[in-house]
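Open the model in your viewer and follow the stops below. Each one says what to select and what is there.

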Amino acid sequence: MGLIVVGISECRCSADKEASIVTYALGSCIGVGAFDPGSGVAGLLHFLLPDSRQDPARAEAQPASYADTGIPLLIRAMERMGADRRRIRVRLAGGAQILTDNAQLAVGKRNYLAARKLLWQMGVMVEMEAVGGTVSRNLGITVGTGEFWVQMRGTGGNDAGGTHPNETPIRRVPVAGAR
Amino acid sequence: MTEQLLQRDEVMAAELVGAARDVLNVMFFTDILEEGDECACPKPFPLQVRVSFSGDQAGEFRMAVDDVAAGSLAGSFLGTDPVTGPTAEETDQVMGELGNMICGAFLSRFEKEGLFALSSPEVVRPEEGELPGVHRGLELMDGFMDLRVYWEPQPQ
Amino acid sequence: MQSLRILIVDDSPAMRAYVRRTVQLASLPVKNVFEAGNGLEALEVVAKENREPNKLDLIFADLNMPVMNGEEFVTKLREDERDAKVPILIISTDATQKRVMRLRELGAQGYISKPCQPEMIRLKVQQILGEE
């Protein structure tokens, strides 16, 4: 039982029904929350940057720092605990534009695109996401129920209003041209 | 060219880039880093996609990409293993679909009330001929892309 | 949801692959996936595969296709009493208001405009099949 806190460039998994996994202060970073309802295995990754090629030594030492090394790490760790990739449902949070508005520095967006690309490549479906804007977010999972929650700090976010004290449900994925 | 037409061309160019960004972000997981009148890529492009359209407005759309962009975009769309990558046939098929999607998204943005029929995309290797009309050169996260739209003059 | 039999109609092999992959990843209980490259081919598949007790559960269809386009396909399909009930989900780049309204009138159950994320396709499938 207890609270498992995932720091920046970390990845943690659990099947303990009494546990919750949480990560704080997702700015331009992305939190990848994952849950397999079949095995009850949950996992959470807090990655910092999109592409490990920019610092292979760091990627070796801290693979959870990058989308392209961290996401496979998360999915494989869950699979080792009995999760089935085809059942895993993922929620994304973060990817905000925290720095100055410069296309080259849009790390939040790059992180978001990298996460989507990796998950599509690995055959894992994104269920919902709370991304973009200029807010800092916290992302958590209650392992026993598979419930996700997102908290926001700051302004300019586009998440839906809350239904629980201090908590907001993850909004539905915005889809271009949805009818 | 009248001022009105110049303004229309500017709006058209902005919608063309907007449509491309939308398609590239959502289904190809990449973004546009730079855009300009000319592309910093060696010509001619090795691959070009042509889509002609008719209906409330007739014209032609062309998209050209370099090999780096083609391989990367096709792999992203299909979710193929980055080591093996897509086959040449798959790459051509995905580029045809990408051209079709950008053209369709552009028409839906520029002529919201319009009704169009699009031809099947035609993939040409290498790029053939210039097309008059609106043109934008794009630098993507991987490789280069060139977009052109020709709008047939409407009878007065 | 029962084991599903679906048909994907698109002249683009890349787009057929995309929809097929989405359906697989979405954990939908799919039993058979049929494919067709245009409306006419699709009508042939429907004539062969939409038979009791093995009916088709859903058709994904593009609009701009050679030989027979999506609108003509929907119109023809709705003319046949036996096949008229198969739900059709249109996935097309053509998102102009006129087009969407016309497709609704012709009897398409859903419309997704490209570009679209896979979860949108899953959501629409669940809505359409859930409504049945």
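Start with the sheet of chain A in this predicted model. Four strands make up an open sheet of mixed pairing, in the order 1-3-8-9. Now colour strand 1 (2–6) and strand 9 (147–153) of chain A: they stand at the edges, each with a single partner strand, so one side of each has no neighbour in the sheet. On average, neighbouring strands here are turned by 20° against each other, direction ignored.

Next, select strand 1 and strand 3 (residues 19–26) of chain A. The two pair in the parallel sense, over five bridges. Show V6(A) and find T23(A), which stands opposite in strand 3 of chain A.

Stay in chain A and select helix 2 (residues 67–80) and helix 3 (residues 107–122). They pack at an angle of about 45°, and their axes are 9 Å apart. Helix 2 of chain A is therefore oblique to helix 3 of chain A. The crossing is right-handed. For the contact, show A67(A), D68(A), I71(A), P72(A) and I75(A) on helix 2 of chain A. On helix 3 of chain A, show N111(A), A114(A), A115(A), L118(A), L119(A) and M122(A). By class, the residues of this contact are nine nonpolar, one polar and one charged.

Last stop: chains B and C. Here 24 residues of chain B are in contact with 21 residues of chain C. On chain B, select helix 1 (3–28), helix 2 (67–78), helix 3 (88–110) and strand 4 (116–118); each supplies at least two residues of the side that touches chain C. Helix 3 of chain B gives the most, with nine residues. This side of chain B has twelve nonpolar, eight polar and four charged residues.

Note on methods. Residues numbered from 1 in each chain as written. Chains lettered and ligands numbered in written order. Predicted model: local features only at pLDDT ≥ 70, side-chain atom pairs only at ≥ 80, totals over all residues. Pairing = 2+ DSSP bridges. Axes fitted to C-alpha atoms, helices over the stretch in contact; angles between N-to-C directions. Contact = placed C-beta atoms within 7 Å. Nonpolar A, V, L, I, M, F, W, Y, C, P; charged D, E, K, R; others polar. Parallel < 35°, antiparallel > 145°, perpendicular 65-115°, else oblique. Left-handed = near helix turned anticlockwise from the far one by under 90°.
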